[in-house]
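Let us take a walk through a protein model together.

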Amino acid sequence: MDFKRMTMRLYLKVVKEKATPEYIARGWAIGMFYGCLIPFGLQLVCSIPTAFLLRGSKIGATLGTLLTNHITVFFIYPAQCYVGSKLINSDLSYEAIKKALASVLHEQSWAALMSLGWELIISFFIGGALLTAIMTPLTYFFVKMLVNRFHDRRAARAKAK
């Protein structure tokens, strides 16, 4: 399946969910929040219960976490850690971060994660908090706009008939 078709399927999955635009956008924002902040693999454990508690779309909460996936973590996590390390005034280099994270992502174990050292782990969460602060509201308002626009177009077509 090509990228254009996949994008269209995702768009239709977002806008055709039978719920209010706020409900749908809230779920996607929850998913994005955990997708940016929590390490890969624990995101669904957090996002689904939060979607229930905050009454957000469970589909959105699930798919929103996919910002970080098996492909993107090799780009996002090193950048996130590098930005976080600069925010805490650390001298970690981008290459050192990339190398350390590659070994952890390959092994996928808590022992490997803890071997990185607290400086890199704190950098991950600080960088993730910044990414979360940017992406969560953007996701909420973008998804809400998409759903509202779709509903408005659908209503205009129905009215024209």
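Which helices each supply at least two residues of the lining of the largest pocket? They are α1 (3-15), α2, α4 (58-64) and α8. Before we look inside, a word about what you see: this is a predicted model, in which local features need pLDDT of at least 70, side-chain atom pairs count only at pLDDT 80 or more, and totals for chains, interfaces and linings use all residues. Residues are numbered from 1 along each chain as its sequence is written, and side-chain values use heavy atoms, with hydrogens and water left out.

Start with the overall plan. The protein chain has eight helices and zero strands; helices (H or I, at least four residues) and strands (E, at least two) are DSSP runs, numbered from the N terminus. The C-alpha trace spans about 65 × 35 × 25 Å along its principal axes. Of the 161 residues, 37% count as buried, where buried means under 20% relative accessible area, exposed over 50%, and partly exposed in between (1.4 Å probe, protein chains only).

Now back to the pocket. Rolling a probe the size of a water molecule over the atoms shows where empty space is left. On a 1 Å grid over the protein atoms alone, a pocket is an open set of points where a 1.4 Å probe fits, with protein on both sides within 12 Å along at least five of seven lines; its lining residues have an atom within 4 Å of a point. The largest pocket has a volume of about 730 Å³, the volume being the space filled by probe spheres set on the points, which are joined across faces, edges and corners. Of its 21 lining residues, M6, T7, L10, Y11 and W28 are the closest to the centre. Helix α1 gives the most to this lining, with eight residues.

Helix α2 (residues 21-37) deserves a look of its own. Since 13 of the 17 residues are buried, α2 is largely enclosed by the rest of the structure.

What joins α2 to α8? The side chains of K144 and E22 meet in a salt bridge (3.6 Å, N to O), meaning a side-chain nitrogen of Lys or Arg within 4 Å of a carboxyl oxygen of Asp or Glu. K144 lies in helix α8 and E22 in helix α2, so the pair ties together parts that are 122 residues apart in sequence. The structure holds one salt bridge. K144 is partly exposed, with a relative accessible area of 22%, and E22 is partly exposed too, at 30%.

Finally, turn to the surface. A nonpolar patch there has about 980 Å² of accessible area together, with Y82, V83, W118 and I122 among its residues. Patches are made of residues with over 30% relative accessible area and no salt bridge, and like charges are joined within 9 Å, nonpolar side chains (Val, Leu, Ile, Met, Phe, Trp, Tyr) within 5 Å. The areas come from the Shrake-Rupley method with a 1.4 Å probe, and for residues only the protein chains shown count as cover. Helix α8 gives the most to the patch, with six residues. V83 has its place in helix α5 and is partly exposed, with a relative accessible area of 35%. Helix α5 also has buried residues, including V73, I76 and Y77.
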